[in-house]
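Good morning, and thank you for coming.

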Amino acid sequence: MMSLQRTSSPNDAPGTAFPPWLTAPLGHLAAWTRAGRLPSGLLLVGPEGVGKGLLARRFLQWVACVDSGGTDQPCGICNGCRSYLGGSHPEILEVAPEAPGKEILVDAVREVVDFLSLSQSGPARVVLISPAEDMTANAANALLKTLEEPPAGAALLLTATRPARLPPTIRSRCQQLRVPHPDRKHVLEWLQAGGRPALTVDEALAACLDQPMAARDLLQDPEAIDRWQRDRGALNALLKSRSPFPVIDRFTACEPGSLVPRLQCLLVSAQRWLLTEEADAFGRLFDSAQLAAFAQAHGPRGLARLLQDSQRWRREVSAALNPQLRCEEIVLALQPA
Ligand SMILES: [Zn+2]
């Protein structure tokens, strides 16, 4: 549901307020727009999960807002904000993969080109393509001409975590705006604000490999917290138990699509422990002596092989017809030789 509140109240869920580290980049975008200097091609670049999409969408809402009162934040209640939040604003188009991990196809980009070439009723027509590196080569090609000769008043906003994966011809035609990784202190304060979640913000952030947006999603979703706590329990059992059987029970109680990526995080932590004799943030969620023993029992080769196997487990778990059997295979593979 869309929120029509002007500001966040103390009863909001954690991480509901606009992240403070995105305020400065939003200010740049707003200032450029006010001065009529918004580049026709703009690439928002920054680490995974820092909030590039959130920043871009807040900016689009600000463009749509007719009552921002000279501030950089949209009011959230005017007709412009409502039509944007309802997905029906006539001057704004958003393009994303149909599902996470899918590609943005050439047809979607052709729609963008048609949309931007229509005569406009407002001062500007803005398109967001996010994440831009999900465009196929054909899709990126179809965008080139529009980036070279943008129609008057047209602005294209792209986001990318790995801009090197974009064709150089696209990158060179966009101005880049970098969203840096925020200070940990700011992220913790933001996640903490207002909420009393069933999980500490430190644990949520570590569980999500220091990605603020993912930690926010985890803290706001009681079912995701349950899944995390079950996964953590299963991984704890793996490190602690001398017999595979209790571990199989714990693994079977988890959702494999959630457990296997976290198992991969644990394997990476074990690798890091072997290199540095220190646990990374994810590894620190577990008993350090047990993590060290697990890492040493498998050794660098064993861990590398398990990580390779885990890619296959990750592909197979969603299609597994017999999850119980699959869990048994995985747990047995995880026993040191
Ligand atoms: Zn508004």
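This is a predicted model: local features need pLDDT of at least 70, side-chain atom pairs count only at pLDDT 80 or more; totals for chains, interfaces and linings use all residues.

Residues are numbered from 1 along each chain as its sequence is written, and side-chain values use heavy atoms, with hydrogens and water left out.

The protein chain is divided into domain 1 (20-178) and domain 2 (221-333), with bounds from an automatic or database domain assignment. Their centres, taken over C-alpha atoms, are 39 Å apart.

Let me turn to the cores. A nonpolar core is a set of buried Ala, Val, Leu, Ile, Met, Phe, Trp, Tyr and Cys residues joined through side-chain atoms within 4.5 Å; buried means under 20% relative accessible area with a 1.4 Å probe, protein chains only. The largest has 76 residues, and Leu218, Phe251, Leu263 and Leu334 have the most contacts inside it. Domain 1 and domain 2 each supply at least three residues to this core. A second, separate core of 25 residues includes Leu144 and Cys174.

Which helices come within 8 Å of each other? The axes of helix 12 (residues 256-276) and helix 13 (residues 288-317) do, crossing at roughly 150 degrees. Helices here are DSSP runs (H or I, at least four residues), numbered from the N terminus; axes are lines fitted to C-alpha atoms over the stretch in contact, with angles from 0 to 180 degrees between N-to-C directions.

Notes:
Helices (H or I, at least four residues) and strands (E, at least two) are DSSP runs, numbered from the N terminus. Buried means under 20% relative accessible area, exposed over 50%, partly exposed in between (1.4 Å probe, protein chains only).
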